[in-house]
Amino acid sequence: MIKLDSFSLFFVANWKLNGNFKFIDQFISNISLPRDKSKCVVICPTSIHLDYMSKNINDFYLGAQNVSQHKDGAYTGEISVNSLSDLNVNFCIVGHSERRQIFYEKNEEINLKSVNLIKNNLVPIICVGETLQEKEKGITNEILEEQLKNSIPISSNFQNTIIAYEPVWAIGTGLTPTIEEIDVTHQFIREHNVKFNKFKILYGGSVKADNVKLITSLLNVDGALIGGASLKTDEFTKIIQD
Ligand code: PGA
């Protein structure tokens, strides 16, 4: 498994259902990676493009956006952890809010997927975050507590798992919590369980070149999960270079 504690910052590009071969070729030829090798840049293309990416990139790490909770068997359309391992994938986003909301993924499923990933030396990037309604009701901490308690497996530790805090209302909206809110919530997550003390905790939700530096300068923020801005090569270069 990749040594998470050898990196100071993580930048994870979540391409969602975007990108094709032409886009990938352009991205690879235009991106410039940080000289600072303590920054870990992870690209998560669609599963279909993982193979192509793994053959064409040397300097990035590869991540999947989802994985089956099942090892193998009669599960039409699913993608197994073993298939991801075959393609030199090191990371996998798990429990993204789009998976939770659109595909009704539950904490227990997310937990199982993470267990399988860890067993196979892939790092789950486990996403948690409240909806706007939950924020407005003032129950953000309760929601996070429940997600953290049930989706992060017992076998998780700071060397094999990353947590991503993504307020659902900040994803793809251009809205972000204030810097103080991000600070307080990340501290809440870190202190929620003694074992999270040394975990890498990423922030995600409308991260851009002009806010990434401030966000990642916070003591309890160890990097960013980036959606929309990771599809613009110039913008993404600025994000990872700064
Ligand atoms: P966004 O997406 O950067 O476009 O807000 C983040 C995510 O969905 O992980």
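## Surroundings of the ligand

Of the 13 residues around the ligand, those that come nearest are K16, H96, E166, G172 and S206; a residue is near when one of its heavy atoms lies within 4 Å. The model is predicted, with local features needing pLDDT of at least 70 and side-chain atom pairs pLDDT 80 or more, while totals for chains, interfaces and linings use all residues. Residues are numbered from 1 along each chain as its sequence is written, and side-chain values use heavy atoms, leaving out hydrogens and water.

The shell around the ligand holds four nonpolar, seven polar and two charged residues. Here Asp, Glu, Lys and Arg count as charged, Ala, Val, Leu, Ile, Met, Phe, Trp, Tyr, Cys and Pro as nonpolar, and the others, Gly among them, as polar.

E166 places a polar side-chain atom 2.7 Å from a ligand oxygen atom. A backbone N or O atom of G227 lies 2.8 Å from an oxygen atom of the ligand, and a polar backbone atom of G228 is also 2.8 Å from a ligand oxygen atom. The protein buries 95% of the 280 Å² that the ligand exposes when taken alone, by the Shrake-Rupley method with a 1.4 Å probe.

## The barrel

Eight strands form a closed barrel in the order β1-β2-β3-β4-β5-β6-β7-β8, with parallel pairing. Strands are DSSP runs (E, at least two residues) numbered from the N terminus, and two of them pair if DSSP finds at least two bridges between them. Strand β6 (residues 162-165) runs parallel to strand β7 (residues 200-204), joined by four bridges. Y165 stands opposite Y203 in β7.

Note on methods
A polar contact is a pair of N or O atoms within 3.5 Å; within protein, one must be able to donate a hydrogen and the other to accept it, and residues adjacent in sequence count only if both atoms are side-chain atoms.
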